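Please look at the sequence and the structure shown below.

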Amino acid sequence: MSETTLPATHAGRTGRPGMFLQVVIATLLGLALGVFAPDLAAQTRWATDLFLHLIVMAVGPLLFCIVVTGIVGAGSLRTVGRLGAKALLYFEAMTTLVLLFAVGIALLLQPGRGIVFAPTSDDTRMIASYAHNAHVMHEGGITDFLLALIPRTPADAFAQGNVLQILFFAILFGCCLSQIGETGAPIVRLIDALSALFSRMMRFIIALAPLGVFGAMATTTARYGLNAIGHLAAFVLLYFVVITLFVVGGLGLCLRLSGVSPIRFFRYFRTEFAITFATTASDAVLPSVMTKLEQMGVDRQVVGLVVPAGYSFNLDALSIYLGLAVIFLAQATGTVLSAWQILIMLATALVTSKGAHGVPGIAIVVLAATLSAIPSIPVASLVMLLAVDWFVGIARAVGNLAGNCVAPVVIGAWEGKLDRKRAAEILGRP
């Protein structure tokens with residue numbers, strides 16, 4: 001197989017100061033429009049929708065090509081299996097640790113103390129659709145989760161933009177392609193060419209990121225106003241603080257143990273974080289993240305397998321949200337949880353958070369599914385968090401992205417497939 005990679009120009013274009021400055025300017029302009037002309041700002045939602053629809057259009061085929069070429073390039077299914085096993089072990093270990101950390105912080109600080117919440121009939125009706133979807137998710141259990149990995153047809157997975165199904169099909173396709181030897185050589189060359197094609201397409205699409213950021217900030221400011229931003233609940237502030245501690249402390253420690261400077265690493269991805277912060281969606285920067293990781297010395301097979309899998313299985317910030325939210329709602333509703341109930345909640349959260357990526361409102365649905373394991377907490381209490389879910393989604397998206405930037409570095413170092421000299425050289429550039 002040829003050693004075709006994502007074009008270097010893509011990373012350069014999204015990583016240089018020009019794009020970062022454009023995103024910052026677009027953010028400020030969106031905020032200004034939302035404050036001074038809210039009626040006009042409310043009509044700019046199309047800009048963000050256009051940008052995100054373009055991303056969804058191209059990211060599925062690109063992911064498929066990257067995963068397939070990564071598996072074929074690994075040369076051995078044993079290598080692929082070892083990488084996958086280590087990635088899943090890391091994902092589960094990190095998810096469990098951050099869940100315990102979040103619950104511990106919530107129990108210590110008690111953010112819901114002093115709140116007296118009594119759900120009304122309107123609250124119950126408002127949360128009904130989320131509760132229904134959560135019931136379906138919870139009742140399905142592990143069986144439905146496994147069956148949901150398999151698309152009805154390959155085209156259906158791409159049409160829905162279902163990352164898990166695309167990943168499953170790509171892994172199966174890549175494993176079979178690697179086993180048929182020379183017969184599959186033309187298909188390998190075709191997929192290499194398609195990978196370059198879709199990478200170039202993403203290069204053009206990502207150039208529209210400032211437009212998408214402008215629309216997101218304008219419509220959000222017009223809807224909530226600066227006063228709403230200034231009067232967010234203590235829960236939202238606590239969540240931002242905990243995410244910051246997780247990124248700086250937890251992920252920073254993982255990077256240092258891997259021989260990488262945390263400050264330089266996160267500065268390297270500053271444009272991707274800025275776009276994700278403004279749009280609350282990390283799909284837009286997925287190809288750029290993968291390109292930059294490969295360029296800084298992480299093996300392309302590690303990047304091709306770990307990053308796409310991480311987008312569905314390594315949702316650290318969502319896990320932190322679940323841990324904080326359950327304890328917060330318990331305190332707000334006067335529900336006393338036993339140690340056993342907390343353990344049940346943690347186990348449930350580990351299952352319900354899997355694959356919860358890229359679906360609007362999915363965090364509330366997953367939280368409702370987690371609460372179903374503790375019936376004593378009224379599901380209608382979710383209405384408190386529903387009102388500020390967009391703001392929480394900012395930190396959630398950035399935290400998940402940070403976790404998925406760091407995971408390939410950790411797995412690469414674990415596998416001996418991280419070029420630390422090259423990483424130091426790339427990260428050391430201004």
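## A pair of packed helices

In this predicted model, helix α16 (residues 316-332) packs with helix α20 (residues 389-415) at an angle of about 135°, their axes lying 6 Å apart. Because angles under 35 degrees count as roughly parallel, over 145 as roughly antiparallel, 65 to 115 as roughly perpendicular and the rest as oblique, α16 and α20 are oblique to each other. From α16 the contact (heavy atoms within 4.5 Å) draws on D316, A317, L318 and Y321, and from α20 on D389, V392, A395, R396, G399, N400 and G403. Five of the residues in this contact of α16 with α20 are nonpolar, three polar and three charged.

Leaving aside residues up to four places away in sequence, L293 touches F265, F269, V298, V303, V307, C405, P408 and V409.

## The chain as a whole

The chain has 21 helices (DSSP runs of H or I, at least four residues) and zero strands. Of its 430 residues, 53% are buried, meaning under 20% relative accessible area with a 1.4 Å probe.

## Basis of the values

Residues are numbered from 1 along each chain as its sequence is written, and side-chain values use heavy atoms, with hydrogens and water left out. As the model is predicted, local features need pLDDT of at least 70 and side-chain atom pairs count only at pLDDT 80 or more, while totals for chains, interfaces and linings use all residues.

Methods: Helix = DSSP H or I, 4+ residues; strand = E, 2+ residues; numbered from the N terminus. Buried < 20%, exposed > 50% of the residue type's maximum accessible area, 1.4 Å probe, protein only. Axes fitted to C-alpha atoms, helices over the stretch in contact; angles between N-to-C directions. Nonpolar A, V, L, I, M, F, W, Y, C, P; charged D, E, K, R; others polar.
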